[in-house]
Amino acid sequence: MKKRKYLLAIVLVTTLILLSACSSNSNTNTNKNDAATNANGGNAGNGGAATTDTPDDSAAPDGSELPRDPITLKVFIGGTDDNKGVWNTSIAKEIQKKFGITLDFITGDDVKEKTLIAGGDLPDVITTGGSVSALVDSLIQGGQVIPLDDLIAKYGSNITKNTPQALDIMKATASNNTGKVYFLPVRVNKAASTPTPLLTALAGFYTRWDLYKAIGAPAMSNEDDFLKVNKEMQDKFPKTKDGKKTYAFSAWAADPFPYIISYPFSMGYNNWTADTSISATTGEVVDNYIDKDGVFWNGIKFFNKAYRMGLFDPEGFTQKIDQYIAKLNNGQVFNSAASFWTGGNDLIANTGNDNAELQQLPGPFPGYMALYAKDAPGGNLLGPARAITKANKYPERTMELFNYLSGDEGGRLLFTGVKGVDWDVVDGKPQLIGKMANPSDAGYNDYVKSVGVTTLNKLSNLHEAWTAEDGYPLDLKLVINPATITKAEKELAQQNGAELYPGQVYDKLVKDGKAVTDSKYFAFTAFVKQMSEPNQQVMVKADQYFLANVAKYIMAKDDAAFDAAKNKAVDDFIAMGVDKAYAEFHQLIDDAKKFAKDNNLE
């Protein structure tokens with residue numbers, strides 16, 4: 001087995017994307033994105049010497065300590081069932097030892113969470129991922145979540161110190177106009193003063209490197225070139241080793257992820273709230289459903305062209321995400337939607353190719369998103385954020401845990417593992433040790449899962465790339481280590497004029513003006529309020545309509561049929577009031593821009 005890296009399943013970000021889906025992947029590489037680290041292992045911004053210990057901020061400011069008798073907290077974290085039930089990982093055991101707290105995770109989609117909320121069957125902690133974020137005001141009005149200000153004042157020293165702007169944003173945007181904190185965001189981050197390219201970009205089209213090489217690695221300059229390359233690969237490799245039909249592209253049902261991520265990100269857009277896309281360079285907001293020439297419909301047209309060329313898996317309209325990931329890992333599908341699906345050791349084993357890996361190929365598209373760590377003072381805002389519910393009998397101990405995991409000591413535990421077992425300070429620097437330091441081992445993926453660092457993080461305010469006081473990211477697996485760069489990563493880099501890893505290739509393209517990334521923070525995005533309830537429901541219906549009809553658009557027989565289907569869809573969206581909902585949303589954007597300007601928050 002060649003060296004593989006295991007990606008923390010992240011809930012984007014930058015992406016604000018529906019990454020609950022990602023937790024089902026147990027064969028991905030370690031994500032080295034979103035860390036302001038250089039090839040020598042230090043932080044690109046300060047690179048300070050490591051300290052041997054981090055302060056324990058679990059006690060209250062007055063020095064008092066909460067009880068440590070065993071309790072269990074039920075937490076709705078969403079996603080698939082990989083993490084369902086009592087968390088019994090190495091990290092979980094450390095939390096049990098330190099706080100006496102056992103975490104019992106509830107998984108599922110937005111519908112399941114909304115059912116729990118509507119029925120009053122609340123867990124101790126809920127998260128607001130996906131469409132649940134639209135319910136924050138009603139949750140507050142109904143008393144289903146509690147204000148956190150007093151708890152933060154007494155038990156939240158790390159939260160107050162590290163994420164003050166995030167708290168201000170939550171007061172301004174998610175408090176039902178009370179000016180209180182009810183929700184704590186995740187993935188708050190700060191950029192390095194001198195950005196260094198990360199291992200790779202975050203999302204787009206990630207293509208089989210070994211097959212691309214096998215057809216001669218032809219140069220590409222546009223999406224039609226990319227489709228031709230995929231056609232050539234599929235024609236040359238029509239079946240897997242065990243005889244399964246291959247396809248260049250696929251998707252999964254009941255989720256817009258494949259359509260709001262791959263193409264828009266490749267074109268320099270992030271997906272955003274209210275079914276929009278936002279330009280990474282200008283902050284322009286595009287209305288996905290009714291802008292006929294916008295990046296969203298252009299992406300649907302791309303998949304239509306792929307389908308007409310025989311490149312799109314027809315099961316992509318009906319299968320589940322687990323089936324999609326399995327096809328990536330067994331070699332049936334040649335392109336994934338994001339950097340956290342690269343095939344891993346499974347793809348190598350199933351194909352017999354030691355450089356079988358899904359990588360973003362340079363050339364056909366201009367967007368290489370999340371190439372550098374960037375400021376995210378509001379984190380993922382409400383996508384997701386955490387709240388303590390009225391059902392919680394231990395709000396003080398819950399806040400104490402949140403605070404611990406939002407500091408250096410707890411954050412390093414959550415993202416890297418147990419000190420002395422998975423990492424330690426060696427020669428004055430925090431470094432991976434033991435099994436965590438050996439991604440080439442056949443059992444590495446299982447070990448990482450047993451530690452628990454693969455769990456979607458919805459318990460800390462901080463991003464895994466957050467720079468600790470020792471000058472290194474909380475997640476030490478994000479440090480770019482030349483010894484763990486895969487064969488495919490190194491080949492891609494060196495065949496495109498870089499030294500070591502793909503991010504260096506994309507970095508040069510960006511600096512040469514040939515590509516774009518999302519290094520700019522648009523403050524107004526943090527202050528956009530929710531649309532009115534009727535318009536929220538309109539957009540829910542619009543999502544349902546699109547997902548019910550997406551196959552019609554992608555399977556259109558020719559350009560004329562596609563245009564007709566698109567035009568009918570836009571007409572139907574307007575008939576259901578989507579244009580009016582977008583109009584309200586753009587007014588809210590204008591209000592947010594004014595608010596940010598008037599309060600010197602730009």
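E65 and R68 join their side chains in a salt bridge, with N and O 3.9 Å apart. The structure is a predicted model, and it holds 26 salt bridges. By the ring-pairing rule, the count of aromatic pairs comes to 41. An open sheet of 3 strands, in the order β7-β8-β9, gets its own section below.

**Salt bridges**

- Side chains of opposite charge can pair when their charged atoms come close.
- E65 is exposed, because its relative accessible area of 55% is over the 50% cut-off.
- K374 and D518 form another salt bridge, with their closest N and O atoms 3.9 Å apart.
- That pair links distant parts of the chain, 144 residues apart. K374 sits in the loop between β11 (358-359) and β12 (385-388). D518 sits in the loop between α18 (502-511) and α19.
- Both K374 and D518 are buried.
- In a further salt bridge, the side chains of D598 and K594 meet at 2.7 Å, N to O.
- D598 and K594 are 4 residues apart in helix α21, so about one helical turn separates them.
- D598 is partly exposed, with a relative accessible area of 48%. K594 is exposed, at 53%.
- Salt bridges with shared partners also build a network: E65, R68 and E400 belong to one.

**Aromatic pairs**

- A pair of aromatic rings is described by the distance of the centres and the angle of the planes.
- The count of aromatic pairs is 41, and one of them joins Y545 and F573.
- The ring centres of Y545 and F573 are 5.1 Å apart and the planes stand at 70°, so this pair is edge-to-face. The cut-off for that class is an angle over 60 degrees.
- Y545 belongs to helix α19 (residues 533-554) and F573 to helix α20 (residues 559-575). The pair therefore ties together parts that are 28 residues apart in sequence.
- Y545 is buried, with a relative accessible area of 19%. The limit for buried is under 20%.
- F573 is buried too, with a relative accessible area of 0%.

**Charges over rings**

- K245 lies over the face of Y247, 4.3 Å from the ring centre.
- R412 places its charged end over the ring of W423, at 5.0 Å from the centre.

**The β7-β8-β9 sheet**

- The 3 strands pair in the antiparallel sense and form an open sheet.
- β7 (269-272) and β9 (285-287) stand at the edges. Each has a single partner strand, so one side of each is left without a neighbour in the sheet.
- From one strand to the next, the twist averages 30°.
- β7 and β8 are antiparallel and pair over 4 bridges. Within this pairing, N270 has I278 in β8 as its bridge partner.
- The hairpin of β7 and β8 has 3 residues between the strands. There, A274 takes a positive phi near 55°.
- Strand β8 (residues 276-279) is joined to β9 by 3 bridges, and the two run antiparallel. T276 stands opposite D287 in β9.
- In a regular strand the side chains alternate between the two faces of the sheet.
- From β7, Y269 and N271 point one way, while N270 and W272 point the other way. All of these residues are buried.
- Helix α21 (residues 578-598) lies across β7, β8 and β9. The helix runs at about 170° to β9.
- Helix α21 also holds the D598 and K594 pair.

- K98 is placed in helix α1 (residues 90-99).
- K98 is partly exposed, with a relative accessible area of 24%.
- K98 and L401 are 303 residues apart along the chain, and their C-alpha atoms are separated by 9.6 Å.

How values were computed. Residues numbered from 1 in each chain as written. Predicted model: local features only at pLDDT ≥ 70, side-chain atom pairs only at ≥ 80, totals over all residues. Heavy atoms only, no water. Phe/Tyr/Trp six-rings, centres within 6.5 Å; stacked < 30°, edge-to-face > 60°. Buried < 20%, exposed > 50% of the residue type's maximum accessible area, 1.4 Å probe, protein only. Lys NZ or Arg CZ within 6 Å of the ring centre and 35° of its normal. Pairing = 2+ DSSP bridges. Axes fitted to C-alpha atoms, helices over the stretch in contact; angles between N-to-C directions. Contact = heavy atoms within 4.5 Å. Salt bridge = Lys/Arg side-chain N within 4 Å of Asp/Glu carboxyl O.
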